Amino acid sequence: MNNEFDFEGYTCPVPIKPNDTVVLGHGSGGKLSHDLINRLFLPELGKAAPRALDDAAIVNINGQRLALTTDSHVVSPLFFPGGDIGRLAICGTVNDLAMVGAKPVALTCGFVIEEGLSFEILQRVVQSMRDSAAEAGVYIAAGDTKVVQKGSADKLFINTAGVGVVESDVNISGANAQVDDVVIISGTLGDHGIAVMSAREGLNFETDLRSDVAPLNHLIAAMMNAGEIHVLRDPTRGGLATTLNEIAIQSELTIELQETALPVKRQVHAACEMLGFDPLYVANEGKLVAFVKPEDAEKILSVMHQTRYGEEAVIIGRVIRTSNPHVRLRTAIGGTRLIDMLPGEMLPRIC
Amino acid sequence: MKYVDEYRDPAQVKALLEEIGKVVTRPWTLMEICGGQTHAFLHHGLDDMLPGGIELVHGPGCPVCVTPLEQIDRALAIAKRPDVIFTSYGDMLRVPGSTVDLFNVRAKGGDVRVVYSPLEALKIAQANPEKQVVFFAIGFETTAPPNAMTVLQAQKQNIKNFSVLVSHVCVPPAMEAILSSKHNRVQAFLAAGHVCAVMGYHEYPVIAEKYKVPIVVTGFEPVDLLRGVLAAVKQLEAGKAEVENAYGRAVTFEGNLPAQKVVNTVFQPVDRKWRGIGMIPMSGLGLRPEFSSFDAETRFSVGEIITQESPLCIAGEILQGLKKPPQCSVFGKECTPTSPIGAPMVSAEGACSAYYRYHREEVSV
């Protein structure tokens, strides 16, 4: 081959795709979900909700502050190591309430059931909901059932909505991060996402890993007694990376993480290496990230260590001010890289 | 984790960086062939830690990036058919064809499924005898052996409703194409360790000799990458142009002979278009005539679909290392991972996506 190729003029460009259809990535919790909310839902529905981007909204009724939230749960398979759709549905909503500093009180649940589901499965799910609600100290106040034709839903979808009480002096929001805040994570990253994936058909890897799905309201109550908390979030779909990006945008500050401080279980690390995932983007269902006043960090941390679901809490980073708010990571070998939101669906790589 | 942690050891990284700093006396331009290496450099922040004189340019070793548009259009045409279950590795789903991508086809009712191995696609074919199951067989020499093995299994088990849409490419012809370009800036190659694990590196001495470039077989962890850089820079400084193996724990000169045998049984070299580069003679693998009954292109008569690429982005120049992603006028603006214009922004291994994810704060977006 002697100068056969003149590359000038060769380009590699694909036309911009039309965005006229909802795709699975819009529900991934990442960038596409963020865009959908900001471009469609908020302009049409969110004008009266100044804190619509927090995990729960706070409404003021005759001087009483109430936290309000809703969450729909779809997961395949319905039962996975460490949990099931029922526990997920209770904990998801309890946690969303707790993340604005509310004491969760009551939940509603709506079932969408595909015909053909066995009563035995439904009973197990409902019993799991009962147990999780008891653990969180909330009650189910109302419910609704719809059954759809075979093929119109995947076995069982559950929506839960919840209400909680917020004390007058509580002010926790994704917009409240402050320079020098210490960033704490309550435990290891990615356990839920990898546990569910390992139970899914077609993925032939075995692990003893269990989902971390858990109600975090008691942990949060203990933390709030121990010191000043500015931000609380549960890094669910889209993982810690996406959650921190949302906080950076809301607070207009930069978050710097230390890679060596990030707690990741060996099994999660191995599965991520194999599949080409980054634990920072894998879902958690029983973890919280807290931005706390630096002077109170040690006290809050020590209370967390004595409380269920907070035993493995560690400091992973801090808040700084830069000209361009973003999330970045100091890598283990001393380099720096930008941490972006999850773009769409998490895609395993080719080789 | 064993085999990972020891190759991400900060002390070893520091020592290697210092050694490279001592060896280098003038600027050099190295190309890492593989997109996995590009991502590893940026993922660990290693590119910024190299001594100033060493410039990395990012090679064409991302299978998603170099799969030509018309092959994606053919995939889309097949995936839209109601009688088809279309299976693919995950990254390919987001690569837009002329009008849509596989995600959109799936959203509009097409049965598109992500598989982790082509053998899963074969299982799907066995479980759905009333459907045609097609696997999108793309990739370099790394994915060719499992794909070839799957075709052999399909033949052995007489599975008639399975076929493959083949778009395999090979590394050495692309290296030669880059070196023979009049715009070439590459002075040494970090060869793709995983490709060499399969193919060995016996194909490289003739290239090193002909074009007078050092070629160093290089792995993917920080210590591996720096060993590759160090070996390449040492050769350049000494005026040598040899083939060297800096990834001895995975690569031998001959490579994986059983894997090569399976590939040669099922595939043969063919001319192949590369997105961004154009037609490179004998640079791809296609099914041998005796396996033509498994060829999705003929089974679904999509061979006539020919698509021209429009000149929007500069991915061609990026894939040859002539420009860096931030030099593209649409980088980070019209072109982002959620709305990619060029394939290098799509794949987890693409150079533009790596820059977008890890280095965006440095460019005005």
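Chain A averages a pLDDT of 89, and 90% of its residues score at least 70. Here pLDDT is the predictor's confidence in each residue, from 0 to 100. Over residues 6-18 of chain A the pLDDT is below 50, yet this stretch has 51 contacts in the model beyond near neighbours in sequence. Two residues are in contact if their C-beta atoms, placed from the backbone, lie within 7 Å. Where pLDDT is low, the predicted coordinates should not be read in detail.

This is a predicted model: local features need pLDDT of at least 70, side-chain atom pairs count only at pLDDT 80 or more, and totals for chains, interfaces and linings use all residues. Residues are numbered from 1 along each chain as its sequence is written, while chains are lettered from A and ligands numbered from 1 in the order in which they are written.

For the complex, the predictor gives an ipTM of 0.78 and a pTM of 0.84. Chain B has a mean pLDDT of 89, with 95% of its residues at 70 or more.

**Chain B overall**

Chain B holds 15 helices and 11 strands. Helices (H or I, at least four residues) and strands (E, at least two) are DSSP runs, numbered from the N terminus. The radius of gyration of chain B is 21 Å, close to the 21 Å that the globule rule gives for 365 residues, so chain B is as compact as a globular protein of that length. That radius is taken over C-alpha atoms, and the rule is 2.2 Å times the number of residues to the power 0.38. Along the principal axes, the C-alpha atoms of chain B fill a box of roughly 65 × 45 × 45 Å.

**Helix packing**

Two packed helices are described by the angle between their axes and the distance between the axes. Axes are lines fitted to C-alpha atoms, for helices over the stretch in contact, and angles run from 0 to 180 degrees between N-to-C directions.

| Helix pair | Angle | Axis distance |
|---|---|---|
| α5 (217-226) and α8 (297-305), chain A | about 150° | 9 Å |
| α1 (10-23) and α11 (222-238), chain B | roughly 15° | within 10 Å |
| α7 (144-156) and α12 (257-266), chain B | about 55° | 8 Å |

Angles under 35 degrees count as roughly parallel, over 145 as roughly antiparallel, 65 to 115 as roughly perpendicular and the rest as oblique. A crossing is left-handed if the near helix is turned anticlockwise from the far one by less than a right angle, and right-handed if clockwise. For residue classes, Ala, Val, Leu, Ile, Met, Phe, Trp, Tyr, Cys and Pro count as nonpolar, Asp, Glu, Lys and Arg as charged, and the others, Gly among them, as polar.

α5(A) and α8(A) are roughly antiparallel to each other. Their crossing is right-handed. L219(A), A222(A), M223(A) and A226(A) of α5(A) meet K299(A), I300(A), V303(A) and M304(A) of α8(A). The contact of α5(A) with α8(A) has seven nonpolar, no polar and one charged residue.

α1(B) is roughly parallel to α11(B). Their crossing is left-handed. The contact includes L16(B) and I20(B) of α1(B), and L226(B) and L230(B) of α11(B). By class, it has 11 nonpolar, one polar and four charged residues.

α7(B) and α12(B) are oblique to each other. α7(B) passes α12(B) in a left-handed crossing. Among the contact residues are A148(B) and L152(B) of α7(B), and V262(B) and V266(B) of α12(B). The contact of α7(B) with α12(B) divides into 10 nonpolar, one polar and no charged residues.

**Backbone details**

The peptide bond from S76(A) to P77(A) is cis, with omega near 0°. P77(A) lies in the loop between β2 (64-73) and β3 (79-80) of chain A. In chain B, M282(B) sits in strand β11 (residues 278-287). Phi of M282(B) is near 50°, a positive value in a residue other than glycine.
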